[in-house]
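Please look over the sequence and structure first.

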Amino acid sequence: MSARKWIIPLILVSLLIFLLSLRQLSDPDLGFHLKYGRWIVDNHRIPVTDQSTYTVSGHSYTDLHWLFQVILYLVYRSTGYAGISLLVCIVSLALAFLILLRNRIFQTPEPVTWILLLAGFLIIDPRITPRPEMFSFLFLTLVLLVLDLYTGLKKNHLFFLPIIMLFWCNMHALFILGLGVMAVYFICSWTVQRKPDRLLLKWTVISFLACFLNPYGINSFLFPFQLLSRFDPENIYNQHIREFMPFFKQPQFVLRDYLFLAMTGLTMVAAVINRRKTRRAEIILLVFFVILAFRSIRNIPLFVLVAIPVISRLVPETVKKVHRFRKEANLAVYILLILIPLAVIPRLLTNAYYLENNAVNKTGLGLDPYNQPVRAAEFILDHKMNGRILNSVGSGGWLSWVLPQPVFIDGRLEVMEESL
């Protein structure tokens, strides 16, 4: 099949990813991220205690998101809420571009790349939000790219690792995963070569030291492990907040869940069929991240971003073994890359897609006033109601951002703590 014939499906997939990433702001965490971004800009320092509630105002706040919050607030101050929607869209498209660039570098066949991009973004769609984890997706992909360029193509760009980690450790607690990935690559390289790779060790150590360049020092390394309690089924947050729910405990499966299972199965089958060409680091990371994904649905995108490079490399190897079906496989992928976007794009434009997938998202720019307590906050302000507020955990972030008085609770669970 000639390269020109792939233009139409590639345009359709690109348009679908763009529309999937362009959505109104409905995330309950948006308010407190904006509040603390404004607080940092106004006070020229990083918070160490809660500044939002009257219930836990003395609790410590390890704000590893501070750089993300400052960026978010500055975007809002310059361009309003529509600018935040565009920021999320740009970060999402940057992630797609990185995956595409990586596969071009490693000469992955275009049909494989685009079908994985399509499936991958349909799977991670619930996490395309104005949250710092969007940058974690970018940084994880960059770390994997740098390490695979070094181990697979012998191209030394390891000096980028500490730069990536410096930004990551000041944006999100998941920076610890980047250090873990580096450690896995170093240990696996040592076991294969029977000697330590001193160059990789040097840049891994420098990257580790770079992570101390944040306002909280050693506490920033301890903080991610405190969050592991959220994965305990006995934890009250795990029981009541959907994103912490184990995968198989969901009351209903939707399209993205079946795609995730299909990607998991395809990854494992490709790894088994090509077990001699599957690297040890890939196996360890796949097993670790698939366990995380099954334990909590919020971790599914992390597995997807680790699995896509593995599938991209191993699926073409698998196809070579059954080359007589290559034309049929290409035709099937070509048809899917046309039919799926043609089916999903109109449903994104009408928001039917989100309704079918039990999501509150809506395609568009700016605020979603039906999923943020916008009118309630306006009523309180208009009537000068300055008393104490009793609010749900999901609305506290927005109310603390818009109203002058503190709130009862918000979504910073590590600050609220289980006792409240």
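## Helix packing and cores

In H7, Leu177, Val181, Val184, Tyr185, Cys188, Thr191 and Val192 meet Arg280, Ala281, Ile284, Leu285, Phe288 and Phe289 of H12. Contact means heavy atoms within 4.5 Å. By class, this contact of H7 with H12 has eleven nonpolar, one polar and one charged residues. Helix H7 spans residues 175-193 and helix H12 residues 280-295; they pack at about 145°, with axes 8 Å apart. Axes are fitted to C-alpha atoms over the stretch in contact, and angles run from 0 to 180 degrees between N-to-C directions. The H7 and H12 crossing is right-handed. Helices are DSSP runs (H or I, at least four residues), numbered from the N terminus.

This is a predicted model: local features need pLDDT of at least 70, side-chain atom pairs count only at pLDDT 80 or more, and totals for chains, interfaces and linings use all residues. Residues are numbered from 1 along each chain as its sequence is written, and side-chain values use heavy atoms, without hydrogens or water.

The pLDDT is the predictor's confidence in each residue, from 0 to 100. The protein chain averages 89, and 96% of the residues score at least 70.

| Helix | Residues | Mean pLDDT |
|---|---|---|
| H10, lowest | 236-240 | 74 |
| H6, highest | 160-168 | 96 |

The largest nonpolar core has 121 residues, and Phe121, Val143, Leu147, Phe175 and Met263 have the most contacts inside it. Helix H3 (residues 66-105) gives the most to this core, 16 residues. A core joins buried Ala, Val, Leu, Ile, Met, Phe, Trp, Tyr and Cys residues through side-chain atoms within 4.5 Å; buried means under 20% relative accessible area (1.4 Å probe, protein chains only).

Note on methods:
Helices (H or I, at least four residues) and strands (E, at least two) are DSSP runs, numbered from the N terminus. A crossing is left-handed if the near helix is turned anticlockwise from the far one by less than a right angle, and right-handed if clockwise. Ala, Val, Leu, Ile, Met, Phe, Trp, Tyr, Cys and Pro count as nonpolar, Asp, Glu, Lys and Arg as charged, and the others, Gly among them, as polar. Buried means under 20% relative accessible area, exposed over 50%, partly exposed in between (1.4 Å probe, protein chains only).
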